[in-house]
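Please read the following note beside the displayed sequence and structure. The points are numbered so that each can be checked in turn.

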Amino acid sequence: MSNSKIVTLDDLELLKEKGLNLIYPTKTKISVGMATCGISTGAREVFQAISEEVQNQKLDCVLSQTGCLGFCQREPLVDVIEPGKPKVVYAEMSYDKVPELITNIKNQKIKNEWMLCQIGEKYSPRLDGIPFYKDVDFYKKQKKIALRNCGFINPDCIEEYIAKRGYFALHKVLTEMKPKEVVDMIAESGLRGRGGAGFLTGKKWQITRSSKGKIKYIICNADEGDPGAYMDRSLLEGDPHSVLEGMLIGAYAIGASTGYIYVRAEYPQAIVKFLQAVKQAEEHGLLGKDIFNSGFNFEVRVNKGAGAFVCGEETALIASIEGGWSGPRPRPPFPAKSGLWGKPTNINNVETWANVPVIIDKGADWYSKIGTEKSKGTKVFSVVGKVNNTGLVEVPMGITLREIVYDIGGGILDNRKFKAVQTGGPSGGCIPESLIDLPVDFEKLTEVGSMMGSGGMIVMDENTCMVDVAKYFLAFLEDESCGKCVPCREGIEKMREILNNICKGEGEEADIELLEEIALTVKEMSLCGLGQTASNPVLTTIKYFRNEYEEHIINKRCPAGVCLDLISYSIDAEKCNGCGACVRPCPTQAITGEKKKLHSLDQEKCIKCGACYETCKFDSIIIK
Amino acid sequence: MKFNKIDKILEKFNMQKSQLISILQDIQNEFNFLPMEVLGYVAEKLGIPFSLVYHLATFYKTFSLKRRGRHLINVCLGTACHIRGGVRILEKIERDLNIKSGSITLDSKFSLEVVRCVGCCSLAPVIRIDDDTHGRLTQGKITPMLKKYE
């Protein structure tokens with residue numbers, strides 16, 4: 001494909017035209033959201049059904065696919081685009097709806113009840129009463145920079161990325177800017193690392209750039225190990241070129257000619273999409289030698305992780321790329337001085353890299369006007385857990401937790417009471433209701449004992465037990481501790497044992513103080529960031545939910561109804577109408593009763609699996 | 001055991017020690033797990049201690065030293081899945097298959113394992129069977145779902 005090499009600005013403009021024609025073709029286009037979240041709710045079946053039905057009904061149209069638009073709760077999403085009209089986004093599509101969908105498209109009809117929104121304000125609305133994208137509650141307060149293209153372009157198609165001004169920033173950098181100017185621009189923008197600690201990206205680049213040595217490396221950390229966070233997966237699946245372009249710009253600024261991306265094995269589709277983007281960029285001359293005739297050379301290697309949380313820590317990640325055992329090592333020296341194979345190495349996270357091209361394109365000034373004094377720009381959060389609208393949201397720094405949980409997230413599931421929001425993954429903490437008006441940025445989250453982390457935001461309601469949550473994180477960390485240093489290896493295990501006892505009803509009053517003491521030791525004495533923050537879930541739950549610990553220890557009760565040894569199941573005599581739906585799912589035949597009469601539950605047989613609770617439509621299963 | 005397949009994989013990576021993780025990944029793709037004798041063979045061929053190969057093979061979660069079933073079930077126990085009932089889903093599968101997490105069914109049809117987050121948190125609870133991710137699960141959906149696999 002040598003004829004498709006991009007060398008000049010005109011070449012880019014030409015592909016941009018081509019891309020625009022793909023995004024907005026001259027005939028009807030149907031596009032299905034096919035990120036992992038879409039596929040897991042049946043997008044593949046929907047896509048298959050559409051391609052068959054289009055043939056059956058002889059509809060002349062283009063069939064395409066796109067990444068995740070963020071509103072995962074309403075997946076699978078299907079876009080219908082007609083020339084000169086706003087794009088119609090249908091939510092919760094399934095293969096059995098497809099024949100009607102295609103018939104409607106043929107007859108120029110729109111199914112109101114299926115619609116999520118319409119996109120494209122410059123056109124007159126296709127249907128009154130259906131909100132435009134920007135007016136949907138879920139999207140209203142969002143500002144998409146990193147996620148700018150996710151769900152809007154086909155990630156398999158470099159032309160569509162270029163149509164959205166992709167690789168124009170790289171062209172500008174390579175033809176008009178000196179490396180130092182690029183570093184300065186990123187520094188002025190105030191961009192901070194999106195992977196966890198929030199170090200200033202420009203400063204990090206500057207240190208690596210000025211480190212001695214001819215050979216330097218850059219690395220993209222895509223080992224998104226925080227459970228509950230999935231923005232890196234979504235970015236790599238939905239817009240891989242944005243990450244690649246960010247890396248190219250960074251490499252030029254720092255003086256690296258080789259880059260690595262370390263993607264976790266649990267994200268197979270992200271690996272496929274990124275590899276494909278690399279191949280396309282190579283074919284178009286955007287990777288390789290003398291890019292844009294500038295003399296700048298760059299190649300990218302893709303490393304697949306093998307499943308170890310600690311590899312998200314930069315020194316451990318480097319060790320893993322080097323092929324050895326993946327353990328962290330003490331810093332300094334920081335990777336910026338001595339990293340991969342002892343060479344100066346700059347590591348940034350996926351989301352950080354994806355921000356870079358936009359900053360170059362729109363300017364440091366533009367970017368630094370967004371956000372708070374010390375936390376500039378936007379941050380992507382995965383709003384998940386016990387909230388109505390689960391999904392991936394990108395919001396300006398400084399937005400309050402309340403706005404995220406209630407305005408965007410639509411409040412708590414089943415109208416239950418909000419209890420806490422957990423941020424920062426296993427290194428973070430649980431933030432209680434009294435702090436729900438907290439503006440979200442790096443400093444504020446740290447002040448309350450949690451941290452930004454990679455952006456997981458797990459909403460918890462009154463049915464979530466905070467002692468169980470602390471135990472969960474410790475079990476996770478016990479599993480994932482690399483075992484190198486004693487405080488982390490032994491301390492976490494001991495804390496988990498104590499929490500196990502508390503959850504079993506065998507806790508003692510001195511346990512809380514003992515937990516705090518061990519937690520502080522682990523925090524002070526551990527070698528790497530993971531150990532130093534491992535105590536946060538314990539410390540914050542004790543700080544904000546001490547009464548729940550005391551209920552478990554003193555009254556042997558789990559107020560949330562979670563800890564199996566402290567709860568029992570029974571049937572509410574007033575609510576049970578004897579429908580019998582719960583009888584069959586019960587694996588131990590603990591529930592008996594005649595049809596249309598009150599049923600009874602044998603506590604001796606009950607294993608508290610919750611199958612009856614899940615089945616009962618009349619809320620007559622009581623968990624106490 | 002056919003070591004010529006191993007030789008091919010080693011040659012693909014130019015016998016480079018630094019590529020050990022990728023080499024083990026390819027071997028696992030080939031055999032579905034990492035047979036112990038293969039680990040010894042790899043160590044010998046690359047001229048590195050067996051202990052290092054064994055260390056990596058047991059350190060990383062995606063490697064298995066035990067034979068796996070025709071289908072691999074990974075139950076996600078990330079934070080969102082945990083608080084939305086992932087453990088209940090795991091226990092339901094354990095009861096259905098009559099095995100515990102980390103083992104294989106008698107007919108070798110399924111292996112059951114736990115994974116810490118597959119990144120589909122918005123659809124929790126989630127499980128992954130081979131390459132298929134299933135979201136928004138309830139206990140009631142499990143039995144019919146497992147029946148679809150041969």
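**Notes on the predicted complex**

1. A:Pro332 lies in the loop between helix 13 (314-321) and strand 10 (345-349) of chain A. Helices (H or I, at least four residues) and strands (E, at least two) are DSSP runs, numbered from the N terminus. The peptide bond that leads from A:Arg331 to A:Pro332 is cis, with omega near 0°. A:Pro76 belongs to the loop between strand 2 (62-66) and strand 3 (78-81) of chain A.

2. The model is predicted: local features need pLDDT of at least 70, side-chain atom pairs count only at pLDDT 80 or more, and totals for chains, interfaces and linings use all residues. Residues are numbered from 1 along each chain as its sequence is written, while chains are lettered from A and ligands numbered from 1 in the order in which they are written.

3. How confident is the predictor? The ipTM of the complex is 0.94 and the pTM is 0.95. Chain B averages a pLDDT (the predictor's confidence in each residue, from 0 to 100) of 95, and 99% of its residues score at least 70.

4. Is each buried or exposed? A residue is buried if 20 or more other C-beta atoms lie within 10 Å of its own, exposed if 12 or fewer, and partly exposed in between, with C-beta atoms placed from the backbone. A:Gln108 counts as exposed because it has 10 C-beta neighbours inside 10 Å, whereas B:Cys117 is buried because 29 other C-beta atoms lie within 10 Å.

5. In chain A, six of the six residues of strand 12 (residues 391-396) are buried, so this strand is largely enclosed by the rest of the structure. In a regular strand the side chains alternate between the two faces of the sheet. Both faces of strand 12 of chain A are covered, with A:Gly391, A:Val393 and A:Val395 on one side and A:Leu392, A:Glu394 and A:Pro396 on the other. Strand 12 runs antiparallel to strand 11 (residues 378-385) of chain A, and six bridges join them; one of the bridge pairs is A:Val383 with A:Gly391. A hairpin of five residues connects strand 11 to strand 12 of chain A.

6. Helix 10 (residues 231-238) of chain A is also mostly covered, eight of its eight residues being buried. Its buried residues include the charged A:Asp232, A:Arg233 and A:Glu237.

7. Chain B has seven helices and five strands, in the order α-α-α-α-β-α-α-β-β-β-β-α along the sequence. Of its 150 residues, 43% are buried. The five strands form an open sheet with the order 2-3-1-4-5 and mixed pairing, where two strands pair if DSSP finds at least two bridges between them. Strand 2 (103-104) and strand 5 of chain B are the edge strands, each pairing on one side only. Strand 2 runs antiparallel to strand 3 (residues 110-115) of chain B, joined by two bridges; B:Ile104 has B:Ser111 as its bridge partner.

8. Helix 1 (residues 3-12) and helix 2 (residues 20-31) of chain B pack at an angle of about 145°, with axes 10 Å apart. Axes are lines fitted to C-alpha atoms, for helices over the stretch in contact, and angles run from 0 to 180 degrees between N-to-C directions. The contact involves B:Lys5, B:Ile6, B:Ile9 and B:Leu10 of helix 1 and B:Ile23, B:Asp26, B:Ile27 and B:Glu30 of helix 2. Residues are in contact if their C-beta atoms, placed from the backbone, lie within 7 Å.

9. Which residues join the chains? The contact takes 43 residues from chain B and 46 residues from chain A. Helix 2, helix 4 (50-59), helix 5 (79-83), helix 6, strand 5 and helix 7 (139-147) of chain B each supply at least two residues of the side that touches chain A.

Methods
Two residues are in contact if their C-beta atoms, placed from the backbone, lie within 7 Å.
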